[in-house]
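Reader: I am new to this structure and would like a close look at a single part of it. Please pick one, take me through it step by step, and then show me what surrounds it.

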Amino acid sequence: MSDVARNSFKNALKVAFKLSLPVLTGYWFLGITYGVLAESMGFSYWYPLSMAVFIFSGSAEFLGLGMLAANFNPLAAASMALVVGARHLFYGVSMLDRYKGMGWRKPFLIFWLTDETFAVNYNAREATATEMLLVSFLDYFYWISGGFMGYMFGSLLKFDIHGLEFVVTAMFTAIFMDQFLKEKELRPAWIGIGCTAVSLFVVGSQYFVIPAMIGILLMLTAFRKKLEPSYFEEARK
Amino acid sequence: MTSQQQIITIVILAVITFMTRALPFIVFPAGKPTPKYIQYLGKALPLAVFGMLVVYCLKDVQWLEGSHGIPEILGIAAVVLMHLWRRQLFLSMAVGTAVYMILIRVMV
C-alpha cells in the first residue's frame, strides 16, 4: 500500500469508527447479553459463535438458541428466519441505489446489512464506498466480540449497565428525526409509525412485523400519485 | 438434537437470513434499469422504515404494568427534543439513553 492509500484508508477507518460508535455501544450490550444467555443455557462456545459469524442477525440468533435447545424442526427454523428476516427486504430496496457500483464490496455490504448498519449507512449521505464497507465490518466485529465477551466473562460483570440497551432505540429515533428534518415529504413517516403501531396492537409482539410491512406497502402504493412527485422533483435539482 | 441437526438448523437460519438481505439486489440488479415503482419505494420507504424501527423497539413494553412504558416514551421524547434543538446525533442519543436509565432506576 502506498502512503497515500494508507492515509486515505486510515481516514476512512476514522470516519467509519465515529459513525459506528452508537452501534458499538448497542452491539456490545446486546452481544454480551447474548453470550451470557448462551453460556447459561449450557452451550459450548462454538454454537453462539458460529451463529454470530454465519447468521449475524441478533433477533434470529436469540431465537436460534431456543431452537438449538429444543427438538429438531427445520421447517419451524426456516419460517422463523423468514418472519424475523423479512424487514431486511425493505433495507435492500432502500439501499439499491446507494450500494450500486460497489463491485467486490457488494456481497459483504449485503451480508452485513443489519437494522443498525442500514440505519447508519443510509443516514450517512456523504459516506464513501470504503467508509460504508468499514461501518458494516466494524458492526460485525462489535457483535461477534460482544458475544465472545459475554460468553467468556459475563459472570464477572459487576457494574450496573442495565438499561444501556436503550441506546439502540435512541439511535433509531435520532436517525428518524434526522431524516424527518431533511425530507420534504413527511407522510411516509406517519404511515410507518401508524401501520406498525396498529399491527403491534392488533397482532401482538410476536408476528406484527410482516403485517406492518404489508400495511406500509399498501399505503405507499395507494398514495403513490400524491407522494411520488416530491421525490422526482428532488432528483431533477 | 444431534450435532448434525444443530448444524443443519444453523445453516437454515444463515441461508434464509442472507436471502432476505440479498433478494432485492438479486431481483433488481444494478446493471438493469430498476422499475419506476421500485425506485419510488426506494425513496419513500426509508422514512417509513425508520418510523417502523422506532415502534419496533417498543414491542416488549408492558403498557399496563410496572412503569407503563413511561421511561421508554420519555426517553424517546428526550431524543426528539434534543434533536430539534441541537441536531447532533450523539448528543440526542446520549441524553435519551441517560433519561431512560435514570427513569428505570427511580421508578419502581
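Author: Two residues are in contact if their C-beta atoms, placed from the backbone, lie within 7 Å. Helices are DSSP runs (H or I, at least four residues), numbered from the N terminus. Residues are numbered from 1 along each chain as its sequence is written, with chains lettered from A and ligands numbered from 1 in the order in which they are written. Please keep in mind that this is a predicted model, in which local features need pLDDT of at least 70, side-chain atom pairs count only at pLDDT 80 or more, and totals for chains, interfaces and linings use all residues.

Let us look at helix 4 of chain B, which runs over residues 89-106. This helix has 18 residues, and from its first C-alpha to its last it reaches 26 Å. That is close to the 26 Å expected at 1.5 Å a residue, where the expected span is 1.5 Å times one less than the number of residues.

Now for what lies inside. A residue is buried if 20 or more other C-beta atoms lie within 10 Å of its own, exposed if 12 or fewer, and partly exposed in between. In helix 4 of chain B, the buried residues are B:L89, B:S92, B:M93, B:V95, B:G96, B:T97, B:V99 and B:Y100.

In sequence, B:R105 and B:P71 are 34 residues apart, yet their C-alpha atoms are 9.7 Å apart in space.

The loop between helix 2 and helix 3 of chain B is worth a stop too, as B:H68 has its place there. Its phi is near 55°, a positive value in a residue other than glycine. Most residues other than glycine have a negative phi. B:H68 has 13 C-beta neighbours inside 10 Å and therefore counts as partly exposed.

Let us step back to the two chains. Where chain A touches chain B, the contact takes 70 residues from chain A and 56 residues from chain B. On the chain A side, helix 9 (residues 166-182) gives the most, with 16 residues.

A nonpolar core is a set of buried Ala, Val, Leu, Ile, Met, Phe, Trp, Tyr and Cys residues joined through C-beta atoms within 7 Å. The largest one here has 94 residues, and A:M171, A:F172, A:I216, B:L13 and B:A48 touch the most other members. Helix 2 (residues 36-56) of chain B gives the most to this core, with twelve residues.

A:F56 sits in the loop between helix 2 (46-54) and helix 3 (58-69) of chain A, with a positive phi near 50°. This residue counts as buried because 22 C-beta neighbours lie inside 10 Å. A:S205, in the loop between helix 10 (187-203) and helix 11 (209-222) of chain A, counts as partly exposed because it has 13 such neighbours. Not counting residues up to four places away in sequence, A:S205 touches A:L200, B:K59 and B:D60.

How confident is the predictor? Its per-residue confidence, pLDDT, runs from 0 to 100. Chain B has a mean pLDDT of 94, with 99% of its residues at 70 or more; for chain A the mean is 92, with 97% reaching 70 or more. Within chain A, confidence is lowest in helix 12 (residues 224-236), at a mean of 80, and highest in helix 6 (residues 106-111), at 98. For the complex, the predictor gives an ipTM of 0.92 and a pTM of 0.87.

Terms used. Helix = DSSP H or I, 4+ residues; strand = E, 2+ residues; numbered from the N terminus. pLDDT = per-residue confidence, 0-100.
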